[in-house]
Structures are given as structure tokens and as C-alpha cells.
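Please read them alongside the model.

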Amino acid sequence: MERGSRADVPPSPWWAHRDGALFCDAVSLESIAERFGTPTFVYAAGAIDAAYDALAAAVPQPCLIAYAIKANSNLAILERLGRRGCGADIVSGGELARCLEAGIDPGKIVFSGVGKTDAELVMALDASIRAIHVESVPEIDAIEAIARDRGAAAPITLRVNPDVDPQTHPYIATGLHDTKFGLELDVARGLLPRLLASEHLRLEGVACHVGSQLKSAEPMADATEILGRFAVECVAAGAQLRSIDAGGGWPIRYGDEELDYAPWAAFGAAITAGLRTSGADALGLELIVEPGRALVGDAGGLLTRVVFVKEQHGKRFVIVDAAMTELIRPALYDAYHAVVPVRATEPGGPADLVGPVCETGDFFAVDRELPAVARGDLVLLRGAGAYGMSMASQYNSRPVAAEILVGGTDATVIRRRQTYADLWREEARPG
Ligand code: LLP
């Protein structure tokens with residue numbers, strides 16, 4: 001992705017230079033670095049609200065926006081979205097615990113994932129979540145057994161794999177037959193008689209998710225149409241469906257796009273079209289979508305300080321105090337994140353922007369035109385609000401970074417930086 005592609009900084013009203021220094025909303029990033037240190041995730045609260053409103057305006061209503069909290073599960077962010085009426089798409093007991101802690105309405109929580117344990121399923125039923133998206137026959141067996149033990153009926157959704165190519169990075173494509181996700185349509189269809197006859201399973205909907213960072217709305221239209229036709233079949237077979245879930249994948253701009261992504265409204269229109277073509281629009285179902293990065297990605301940046309600038313073998317290395325431990329996306333997907341100097345400066349020529357971790361893959365940018373920066377300067381990695389902190393690790397015994405939420409002129413710590421003692425807090429030294 002990195003090499004040969006267009007490299008830009010996506011425009012945003014939330015990240016702008018004023019008098020030569022970069023601000024998040026009305027707070028200068030220099031003041032944040034001074035008060036809270038680096039590396040630090042900085043989020044613009046207003047950008048999260050604006051993204052939520054823009055998404056709500058782009059989807060056909062009524063629609064439940066079930067935020068895929070894996071993108072960023074900080075409690076302050078969950079609470080903020082929950083207050084606006086947002087639900088959640090979760091993939092683990094830990095994510096469920098976070099949602100409950102943040103006060104997200106359990107009736108708006110859906111549970112995806114191919115490997116839910118019995119303990120997680122029990123927890124989901126205890127919490128009375130909206131639905132468990134089932135992804136395999138053994139999972140259905142497990143849910144049915146647990147619900148039978150409890151003398152209850154578990155609300156389930158069939159997550160089907162529509163075999164649609166999302167034309168995205170292979171690591172974030174999920175709706176093709178050869179991935180581990182979802183049920184093949186034939187299998188899902190074959191399950192209907194069993195599900196409808198079961199006293200302990202209540203088929204409440206159908207779902208799919210084709211992949212992330214969709215470039216065009218076409219895969220979403222295709223997938224929704226396939227899903228819609230399946231919903232029609234389910235209803236014809238006697239199911240009392242309540243919802244149809246079109247998944248996530250709503251894209252954001254990172255800055256390296258060869259072509260602009262389709263606007264969110266096009267994805268909303270694709271869903272409408274898919275529902276209409278399939279006839280599912282006549283079923284009166286509630287629509288659910290599961291955006292993750294769209295709600296938080298551009299709202300966040302990773303603020304980091306240049307430790308050294310080093311010339312080696314005719315190459316410039318800018319070494320910063322953030323690493324793959326804070327933002328693994330470049331290492332994992334060769335993903336592009338725009339690099340913005342906090343003090344406006346001249347171009348500095350091609351360089352690698354790297355972290356201090358002992359891995360060759362610990363890079364943020366390779367052979368990229370980077371600004372002229374020196375030891376002590378601050379830079380911001382844009383688009384780090386999603387899949388940044390939520391994928392963080394303590395590798396190389398690096399304390400987990402701080403997270404700061406900015407609203408107007410206020411900067412609030414929503415996660416304090418870990419101390420060294422935090423690194424071994426859960427460890428024991430027997431003998
Ligand atoms: N729904 C389901 C069932 C998912 O598996 C995902 C993402 C989403 C919704 C939200 O996708 P989004 O709207 O954020 O694209 N770590 C990768 C992304 C992996 C996403 C996995 N599933 C990255 O940094 O790009």
C-alpha cells in the first residue's frame with residue numbers, strides 16, 4: 001500500500017495548524033505533550049459525535065448503529081456513543097463487560113465471533129443482549145444446550161458468509177468462502193427447520209459482514225441483496241425475524257487513496273437497493289449496521305516525539321517514541337497513516353519513520369516524503385483512533401500509552417499512562 005501510492009493528509013476540521021502549531025479542536029498538541037507526555041492517543045470528542053451523526057444520516061432509517069467496539073473500546077468513548085443511542089457489536093466477554101460497564105443498552109448489543117466460549121455465551125444470555133450472531137453449527141449446538149439448561153430461548157442471528165469480494169486488504173476481508181467467518185448460505189438454509197422447531201433458540205435475524213475499509217459500495221449492495229433474499233426465505237419458512245444486519249466496513253480516508261472512497265451515503269443507498277432488489281424491504285425488519293473505524297478512526301491521532309534522527313547507508317531514519325506497540329497497522333497491513341509535524345516545517349526528503357521496538361517491522365512509514373524534523377520535535381500520526389489503542393501491546397516492556405479526550409478547550413485523561421509497576425502487576429514470584 002505504501003509504495004507508489006498517493007500520500008496526503010486528509011482534510012479535517014478537528015486537526016488544524018493555527019499560528020504554525022497543530023491543534024486538536026481548541027487544544028494545542030504541544031500543550032498535551034507537555035502535560036501528559038508522549039506517546040499519547042488524542043481524540044477529538046466532537047469528531048466522534050460528528051461521525052456518528054454523519055453515519056446516522058447516511059443509513060436508511062430506522063437503523064440501529066451497533067458500533068464495532070473492537071475499533072476503540074475506551075469506556076469514555078463507549079459511554080459517549082451509548083448516550084447518543086448507539087449499540088454495540090462485540091466479539092468477546094471482555095467487550096461485553098466493557099459495554100455493560102459503560103451503560104450501553106444490552107438490548108442494542110450483538111455478539112459476533114467464530115469462537116465464543118461457553119462462559120461468554122452464558123454471560124451474553126445473563127445480560128439479555130439483543131442477539132448472538134452464530135457462525136457455525138457447533139456454536140448453535142452449544143447455545144442450544146446452554147439455553148436448555150437455563151430453560152430459556154436464546155436470541156440468535158444467522159451470520160451468513162455471502163461470498164462477496166470486498167476488494168480490500170486480504171487480512172480484513174471476511175465475507176469470502178475461504179475465510180473462517182459466517183455460515184455458508186446452504187448450511188444456514190439447511191438449519192432453518194431445526195432452528196424453527198427448537199424451543200431453546202429464537203431466530204431473530206440475519207447478518208453478514210463482508211470486510212473492512214470497503215472502497216466502493218458495490219460489495220455492500222451485493223451482500224445486502226444476498227442477505228435480503230435469505231431473510232425472505234427465512235420468513236417464508238416461518239421465522240419471525242426482527243432484524244437484518246449489514247455489518248461494518250464503512251471506510252475512512254487515511255490519505256493514501258488512489259481514488260476517493262465512495263461517500264457513506266452511497267453505502268446507505270447500497271443497503272436500500274439491496275433490500276429492495278431482494279424483496280426484504282417488505283418484511284418490516286429493523287436494519288442494523290456495525291461500523292467500527294468510521295465512528296472513531298479519524299477522530300484520533302497518535303502524538304509522538306522524535307527521539308533521534310539518524311542517517312544510515314544514505315537513508316534518513318526518524319526514530320520516534322511511539323512504536324508498533326501503539327499502532328501496529330503499518331506493520332500488520334502495510335497500512336498508511338499520514339504523518340503531520342506539530343510545528344509546521346519544510347519538507348525534509350524521503351525517510352523511514354520508525355519506533356524503538358526491536359523489530360524490523362516496527363515502522364510507521366517507509367521511504368516516504370517526511371517533513372524536516374529534529375530530535376525533540378512532535379509529530380502526529382493521523383487516523384489512529386481506530387485499531388490503535390485497541391490493538392496495543394506491552395512488547396519490549398513498554399507501558400501502555402495514555403489516552404486524552406479533547407472537547408473544545410478541555411483535555412481529559414480517559415486512560416492514564418501505565419507505570420513501570422503496572423507492567424508486572426499481575427505477575428507472581430513463587431519462592
Ligand atoms: N463487524 C464485524 C463482524 C467485524 O468483524 C468488524 C471488523 C466490523 C464490524 C467493523 O469493521 P470496520 O467498520 O471497522 O471496518 N484491525 C483491522 C481491522 C479488523 C477488523 C475486523 N472486523 C484494521 O486495523 O484495519
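**Notes on the model**

1. Arg425 counts as exposed, at 54% relative accessibility (buried means under 20% relative accessible area, exposed over 50%, and partly exposed in between, with a 1.4 Å probe and protein chains only). The side chain of Arg425 meets that of Asp422 in a salt bridge at 2.5 Å, N to O, where a salt bridge is a side-chain nitrogen of Lys or Arg within 4 Å of a carboxyl oxygen of Asp or Glu. Asp422, by contrast, counts as buried at 5% relative accessibility, and Asp422 also forms a salt bridge with Arg416, with the closest N and O atoms 2.7 Å apart.

2. On the basis of these values, please bear in mind that this is a predicted model, in which local features need pLDDT of at least 70 and side-chain atom pairs count only at pLDDT 80 or more, while totals for chains, interfaces and linings use all residues. Residues are numbered from 1 along each chain as its sequence is written, and side-chain values use heavy atoms, with hydrogens and water left out.

3. The structure holds 25 salt bridges. One of them joins Arg242 to Glu204, with the closest N and O atoms 3.2 Å apart; Arg242 lies in the loop between α8 (218-236) and β12 (243-245) and Glu204 in strand β11 (residues 201-207), so the pair ties together parts that are 38 residues apart in sequence. Helices (H or I, at least four residues) and strands (E, at least two) are DSSP runs, numbered from the N terminus. Arg242 is partly exposed, with a relative accessible area of 42%, whereas Glu204 is buried at 3%.

4. Three strands form an open antiparallel sheet in the order β1-β2-β3, where two strands pair if DSSP finds at least two bridges between them. β1 (15-18) and β3 (27-28) stand at the edges, each with a single partner strand, so one side of each is left without a neighbour in the sheet. Strand β2 (residues 21-24) is joined to β3 by two bridges, and the bridge partner of Phe23 in β3 is Ser28. Asp19, in the loop between β1 and β2, is exposed, with a relative accessible area of 81%.

5. Strands β20 (residues 402-407) and β21 (residues 410-415) run antiparallel and are joined by five bridges, with Ala411 in β21 as the bridge partner of Val406. Their hairpin has two residues between the strands, and Gly408 there takes a positive phi near 60°.
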